[in-house]
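Subject: Handover of a structure for your review

Dear colleague,

Please find below the structure that I am passing on to you.

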Amino acid sequence: MNPALIPEGAHPLAATIARLVWLLPLLPLAGFLINGTLAMLGAAKVGPADPSAGHDHAGDAHGHDAHGHDAHGHDSAHDDHHVPVRHKFAPIVSLIGPGVLVAAFGLAVACFFAMRGVSMEHPYIVTLYQWMPVGDLNLNATMLLDPLSMVMVLVITGVGMLIHVFSVGYMQDDPGYPRYFAYLNLFVFFMLMLVLGGSYPLLFVGWEGVGLCSYLLIGFWFSEKANADAGKKAFIVNRIGDFGFLVAMFLMFSNLGTLDIGGVAAKAVELPMGGAVITAIALFLFLGCTGKSAQIPLYVWLPDAMAGPTPVSALIHAATMVTAGVYLVARSSAIFSMAPVAQLTVALVGGLTAFFAATIGLKQWDIKKVLAYSTVSQLGYMFVGVGVGAYTAGVFHLVTHAFFKALLFLGSGSVIFVMHAAYHHTHNHDDAQDMRNMGGLKQYMPVTFYLMWTATLAIAGIPLFSGFFSKDEILGSVFARVSHSTLAESSLLGIPGGTVLLVVYGLGLASALMTAIYMTRMMLYTFHGPNRTGEAERAHLKEAPWIMTGPLVVLAVLAAFGGWLNVPELLSAIGPVGSLEHWLEPVVGAATLRTTLGAAPEMAHQTELLLVGTAIAIAMAGIAFAVIRLKPAALVPKKDYPAAEGIDRVLENKYFVDEGYDAAFVRPTVGVSRAVLWKGVDAGIIDGLFVNGSALLMRAFGWMGSQLQTGQLGTYAWVLLIGAITILGAFTLR
Amino acid sequence: MTAFLSSINYNAWILPVLLLLPLFGALGIWAHALVSAKDPAEKRWREVRLLAFWFFLIEAILSLGLWWSIDPANPAWQAMVDLPWIPQWGVRFTVGLDGIALTLVLLTTLMMPLAVLGSWTSIRTKPHAYYVMLLLLTIGMLGVFLSLDLVLFYVMWEIMLVPMYMIIGVWGGERRLYAAIKFFIYTMIGSLLMLVAILYLGYVSSKVAGSPTFSYDFIINNVALRPETSLWLFGAFALAFAVKVPMFPFHTWLPDAHVEAPTAGSVILAAIMLKMGTFGFIRFALPLFPSAVMNPAVRGFVVALAVIGIIYGSLVALVQPDFKKLVAYSSVSHLGFVMLGIFAMNVESMQGALMVNINHGVSTGALFLLVGMIYERRHTRMIEDYGGIAKVVPIFATILTIVSLSSIGVPGTNGFIGEFLVLVGSYKTQPVASVISATAVIFAAAYLLWALQRIIYNPLTKPENAAIKDLNWREIGLLTPLLIAILWLGVYPKPLLDKTEPAARRLVEYVHATAAGVNNSALNRSR
Amino acid sequence: MLGEALALSAVLFTIGVIGVLTRRNAIIIFMCVELMLNAVNLSFVALSKVYGATGQVFVVFTMTVAAAEAAVGLAIIIAIFRHQRSVNLQNINLLKG
């Protein structure tokens, strides 16, 4: 199984450090194994040899119920002399958990430089071993390294490393410290498998694996029912998407005869353009994406996923895992570019999600919920990008979003950490995540304040911040494809493609406006105005430790300057144009050109200026609107706040979509299963009517026979005699 | 290893030894019961469980050699032994293996010691009889996998019933008699029709051969049946196997039997005995009656039942209040996948079906062991009686989570490989069935994760749960091999797939070719 | 001679049958059953003159069985009497369905 023994062909990367690509996922896996073992050693007490012997000496299991900072205040604070006890393995875990990520990041950077030096016409594929060689299905465990997966690997290990470091501070007093890092390492392992997998099933391993880790981490503080519920919901909703992914793979295998990513891409372009099969494959793949990347209709799990620790929200539910769907579409660009109808669907769903989630984001009070809906909305943007065939733009936004959203989440994590600590000191059970309880934090946490404003400007699309570049490129690409593209030539449900794209463009602009508004609202309520936390608590508000703010600084630099990765033609003055575009060209270039009918999208200079100008104006207007309209000074703490009414109530309750799903799908399924299938069919018809029914029938016959048995010997004798005479008589008279 | 095995002529004696060793074990335990009659009950119990465990362990170790000694690519039966048994009726003691049977034989011999360890402390009444029953059961189960004579097969098939009836009826739960009788009669009714079919086949083959014979090989190679006859006989065989699988709607014995059986009984029932049904289809029903199998109506009907079983089993599992019953219904769902894979009739799906067979044995076996362990501590199987025990019993919670994930079919565990192969293969021939069945991935996650949440997560509300002791070394030790299997088969299933691939391929090709009327000798085996 | 013997046998048998049918006391019924057996024995012996010794053999056989039956039957009756303090068959209907 030594991968080095398998000749890799003559790929130029084979001679470089990149041949160690299999080590990338293995490092976090090793971290998981070590941390997991430590977690077990720390928590477990092996039971007595004979478990059925009486339970006389009750264990001390009540003692330390672990809750986290996010657990909405009411945690072990009732223990008056509660002194946080560090886990006994904390030092070694703090070393290994982030350590493996640092090593992986180092390796990734080395691979990146190796890749810069060589031609990446073909992806670099490392075959580790034969995985599922069955019949016509010859699946190997292969790693695929190309520019696209390189970008993803850098984001995952880089941002992941920063978040691991942040977690050392954030989770320091949690009793589940080693378990936390074990899960986090495992997540990185699966995420790397996802982006490095050389075939769709292998990609699916990572795909489901990250879902599993997401499940474990959302429900990390599982002693609260709400957290356990949220984890379960995330997993099951994701599974609905996974069903789509599975069906897409069945279609690929039966129609294309292979499941290797390269093989599928090569075969897909041989199918008829826009044919039923290729469209079905693309749509089913996209169903998978709606689950993992929280798009309509399967976005409902992501806001609930905020039940997990905040660094988890930053890593999994903002920067990496939820963008897997975007990665999948970009990875399958050959398939999507052959199915314009599917592309339009992706773009439209992305646009609708961006808009819809942004409206909900306007009225949320929980700081993490604002960011959660913001994430859903931004993911919608990315899908608009990859949907219209602007794969680079989508991936570009994926990268910048990873920077500024991770920063926002970690920043909010710092805020929650500090708020929680303050409430903890005063034994107050109030909500540490509700913005109505915050306000004026800028004087207590100035570093976090400035860093989060950086991210806010980036996400709002203020010029020269990273979000500006990426969002603008997506919107520009949509506009460019309104005419003269495969999309414009096809139609979705009878609506011409050009019209659909214009609608998407409008949705994008509207969402941009709302993004600026809700982000400014969040900043105003959190950091500006008077403080509403409470008199006693105020004394305990202070900046989070450096191990937490340090990573924020790095992310802020990236959020501010990430736009230089792909500078548009228009701004060629400020730096090299289109670096990311050139980088990704070998992977998605052909597919992009297919959508734009072979020509690079050209726009008149004025049009482009107009578009950019509109976008900037909208961002500015949003911020200005929020600053003028919203009065942080007038806000009252959560406990004094009146209940929302009208449209506010609808928005605050997220359009009651969860309730609707519950009533439409969950309860009917459970109800029918219980009442009809179990009690009705199983217990009633099969068991009752047929099984026990036939037994009953036999018993009835038996009962009838038994009535002949009087128990009187005399009767028997008479019957015998009569019988004998009858028979004799019958013989005689015959 | 191979050289060593051939130097001791392993293949020549291993199968009779595997079948006889449990018999000697049973005699040994009987002897122990007589010798130790005057000892205190505690001492006798400790001795007899150790004695039984040793027998099972030796059996397992002996059988391991098969992994190396069997050549799966060779179309001839491996390790074959053919002795006269009832010459007047042409019944012979013919046993032999191919790759498919190999995996199931190993599953049996390796699961048995674990099952014994699983009931190490919970069975204290009549321990001698209990272990004798387990040993006799082993003979029956191995016999079914090994028999190459129809009468021998039938005898082995029925032998299994009696010890299992006793195990459920004597050492079971509250409604054990109901469950035991239901199990017995259900299975018996199914298999009686099969007996008729076997006798008919023997009658026909004897006419062809000129002397009485029930030889599997002879019937396969020489007996040509008219399609209608084939259909009826297939029906008779299929009913017997469908009850055992169990396919919807013949599954209702399973939840009762599983719930009432003691831990070892449930484990054996789930891990091994349910495989008899699917193995029966693979070994007998398919190659004996290819034209019936490939009949579109028959095939559509069986596939439909399989799909109903998959969805129905998961939905009913969703609402079970009793964890053991939940696992039982999940078995209905999993075995539905096996049936779908078999009747989709291509190499991928067949391989997937064989894989699910093994996976289900490992994962569900482990689940029943875990339920048994927690039941031994808390004396309840009701899900609602637990909650929040992950903090109290972290080892148990971790293992339960891993095993559940395997049962859900999360990639990286064995469950995924099997389900994926079944679905991806069956899509080629039965696309609708495949897509409908794929929704089971959603339901499986729903029922197991919901149960998991209510057992090990959520707040710890019941004070009696706070005192539960975690797993002990014995329990950890006996679960470890299963955990290794779960991960090994998920990450690197190739060795196992390689064992079954040639046989699966031969079977699929033979059925297709024979049904198409081509005289194909893919299954012709030289004796 | 044969005719008389068979007639006697028939008479004895009929007496036995009537006794079994009409009496209630288990002992008497039992004796009537024995009477029937012996009536048949008589006819066997009588007919052996005509058909050879097989009838004689059968008689020996019947007597053996009858002896065994008597032992078991009487034991049962005694057991029932101990249990119920009566051998009146009307009071005994254990076989009632």
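How near do the axes of helix H2 (residues 10-35) of chain B and helix H6 (residues 127-146) of chain B come, and at what angle do they cross? In this predicted model, the two axes come within 9 Å and cross at roughly 170 degrees. Angles over 145 degrees count as roughly antiparallel, and H2(B) and H6(B) are therefore roughly antiparallel to each other. On the H2(B) side, the residues making the contact include B:Leu15, B:Leu19, B:Ile29 and B:Trp30. On the H6(B) side, B:Tyr131, B:Leu135, B:Ile139 and B:Leu142 are among them. By class, the residues of this contact comprise 16 nonpolar, five polar and no charged.

Contacts between chains

Two pairs of chains touch, and chains A and B have the most contacts of the two. In that contact, 59 residues of chain A meet 62 residues of chain B. Several helices of chain B give two or more residues to the side that touches chain A, including H15 (296-318), H17 (347-378), H18 (394-408) and H23 (494-515). This side of chain B consists of 39 nonpolar, 13 polar and 10 charged residues.

The contact between chains A and C takes 12 residues from chain A and 10 residues from chain C. Six nonpolar, three polar and one charged residues form the side of chain C that touches chain A. Chain B and chain C, by contrast, are joined by no contact, and their closest C-alpha atoms lie 23 Å apart.

Helix H18 of chain B

One of the helices on the side of chain B that touches chain A is H18(B). Among the buried residues are B:Pro394, B:Phe396, B:Leu400, B:Val403 and B:Ile408. Just after the helix, B:Gly409 takes a positive phi of about 90 degrees.

Hairpins in chains B and A

In chain B, strand S1 (residues 78-86) and strand S2 (residues 91-97) pair in the antiparallel sense over six bridges. B:Pro84 stands opposite B:Arg92 in S2(B). The two strands form a hairpin with four residues between them, and B:Gly90 in the turn has a positive phi of about 70 degrees.

Chain A also holds a hairpin, formed by S1(A) and S2(A) with two residues between them. Strand S1 (residues 124-134) of chain A runs antiparallel to S2(A), and nine bridges join them. A:Ile125 stands opposite A:Leu144 in S2(A), while A:Gly135 in the turn has a positive phi of about 55 degrees. Strand S2 (residues 137-145) of chain A is mostly covered, since seven of its nine residues are buried.

Chain A as a whole

Chain A contains 26 helices and four strands. Its C-alpha atoms fill a box of roughly 130 × 70 × 60 Å, taken along the principal axes. Of the 734 residues in chain A, 56% are buried. Among contacts in chain A between residues at least 6 apart in sequence, 82% join residues at least 24 apart.

Yours sincerely

Definitions and conventions
Residues are numbered from 1 along each chain as its sequence is written. Chains are lettered from A and ligands numbered from 1 in the order in which they are written. This is a predicted model: local features need pLDDT of at least 70, side-chain atom pairs count only at pLDDT 80 or more; totals for chains, interfaces and linings use all residues. Two residues are in contact if their C-beta atoms, placed from the backbone, lie within 7 Å. Ala, Val, Leu, Ile, Met, Phe, Trp, Tyr, Cys and Pro count as nonpolar, Asp, Glu, Lys and Arg as charged, and the others, Gly among them, as polar. Two strands pair if DSSP finds at least two bridges between them. A residue is buried if 20 or more other C-beta atoms lie within 10 Å of its own, exposed if 12 or fewer, and partly exposed in between; C-beta atoms are placed from the backbone. Axes are lines fitted to C-alpha atoms, for helices over the stretch in contact, and angles run from 0 to 180 degrees between N-to-C directions. Angles under 35 degrees count as roughly parallel, over 145 as roughly antiparallel, 65 to 115 as roughly perpendicular and the rest as oblique.
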